[in-house]
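Welcome, and please open your viewer. We will go from stop to stop, with something to select at each one.

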Amino acid sequence: MKLYVYEHCPFCVRARMIFGLNNVPVELVMLPNDDEETPIAMTGKKMLPILEISKNETIDESLDIVHYIAEIRGASCLTLGRDSKIESWAEDASKTIYELAIPRWAYSDFPEFASISARQYFIDKKQGAFGGFSALVARTPALLDEINQRLVELDVMLLNKDNIVNEWSLTDVILFPVVRSLSIVKGVEWPRSVDEWRCRLASQSGILLHDEVAI
């Protein structure tokens, strides 16, 4: 199996997680961000992740990939129940997180931005959706203040996970990519439970955080 992804993409992270957590081998293919031809030829749209099961069989929705791998594994690591409050937090906080992360992703050394054209493609698309990056970066202090307060709320929700080891839920798969997106941002204040949870999940899924290259 091949999994077509971008390094920065939170939906790609969802798909990558289930392979790492379930110890299922997969070949990762990092596409250039401006490669429209490959995904359109495979699924009819320019969207990742794409799981290529065989030459004529693909799955292109992140949670569909998660469910597929969990099923074929036979003993999924996603044994815990979902938490609607945490999932609501992820949905509500994602706008602020992406406003912080997206302009920083654009200037990060990720494989999907290896060429000038691929990087510019991303910049043009995201500025069209989120507004100018200069304005977003100028709002960093206010956005950081907002998200640091929201992380304190999340910390309380994650307290009951402190003693859980090697057991996860679909909620973790939904939340981790959002929180991981924030790791590209300098100045984030990570509460203890949130920090321990994200580091433990990064380790067990094999997906690096971006703390060391934060901007």
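Axes are lines fitted to C-alpha atoms, for helices over the stretch in contact, and the angles between them run from 0 to 180 degrees between N-to-C directions. Keep in mind on this tour that you are looking at a predicted model.

**Stop 1: α7 and α9**

Select helix α9, residues 192-205, and show it together with α7. The two axes come within 7 Å and cross at roughly 70 degrees. Angles of 65 to 115 degrees count as roughly perpendicular, so α7 and α9 are roughly perpendicular to each other. To see where they touch, pick L151, L154, D155 and L158 on α7, then R192, S193, V194 and W197 on α9. Coloured by class, this contact shows five nonpolar residues, one polar and two charged.

**Stop 2: α1 and α9**

On the α1 side, highlight M17, G20 and L21; their partners on α9 are L201, Q204 and S205. Three of the residues in this contact are nonpolar, three are polar and none is charged.

**Stop 3: α4 and α7**

Next, show the side chains in the contact. From α4, the residues include I86, W89, A93, I97 and L100. From α7, they include L143, L144, I147, L151 and L154. Charged residues take part as well, among them K85 and D92 in α4 and E146 and R150 in α7. The contact of α4 with α7 divides into 12 nonpolar, two polar and seven charged residues.

**Stop 4: the largest pocket**

Rolling a probe the size of a water molecule over the atoms shows where empty space is left. The largest pocket holds about 520 Å³ of space. To centre your view on it, select Y6, H8, C9, F11 and K126, the closest to its centre of the 22 lining residues. Which helix gives the largest share of the lining? That is α5, with five residues. Helices α1 (10-21), α4 and α5 (116-130) each supply at least two residues of the lining. By class, the lining has 13 nonpolar, three polar and six charged residues.

**Stop 5: two backbone details**

Most residues other than glycine have a negative phi, and most peptide bonds are trans. Zoom in on L48 and P49, which are joined by a cis peptide bond with omega about 10 degrees. P49 sits in the loop between α2 (37-43) and β3 (50-54).

Finish at N23, in the loop between α1 and β2 (27-30). N23 is not a glycine, yet its phi is positive, at about 55 degrees.

Technical notes
Residues are numbered from 1 along each chain as its sequence is written. This is a predicted model: local features need pLDDT of at least 70, side-chain atom pairs count only at pLDDT 80 or more; totals for chains, interfaces and linings use all residues. Side-chain values use heavy atoms; hydrogens and water are left out. Contact means heavy atoms within 4.5 Å. Helices (H or I, at least four residues) and strands (E, at least two) are DSSP runs, numbered from the N terminus. On a 1 Å grid over the protein atoms alone, a cavity is a set of points where a 1.4 Å probe fits but cannot get out, and a pocket is an open set with protein on both sides within 12 Å along at least five of seven lines; lining residues have an atom within 4 Å of a point. Grid points are joined across faces, edges and corners, and a volume is the space filled by probe spheres set on the points. Angles under 35 degrees count as roughly parallel, over 145 as roughly antiparallel, 65 to 115 as roughly perpendicular and the rest as oblique.
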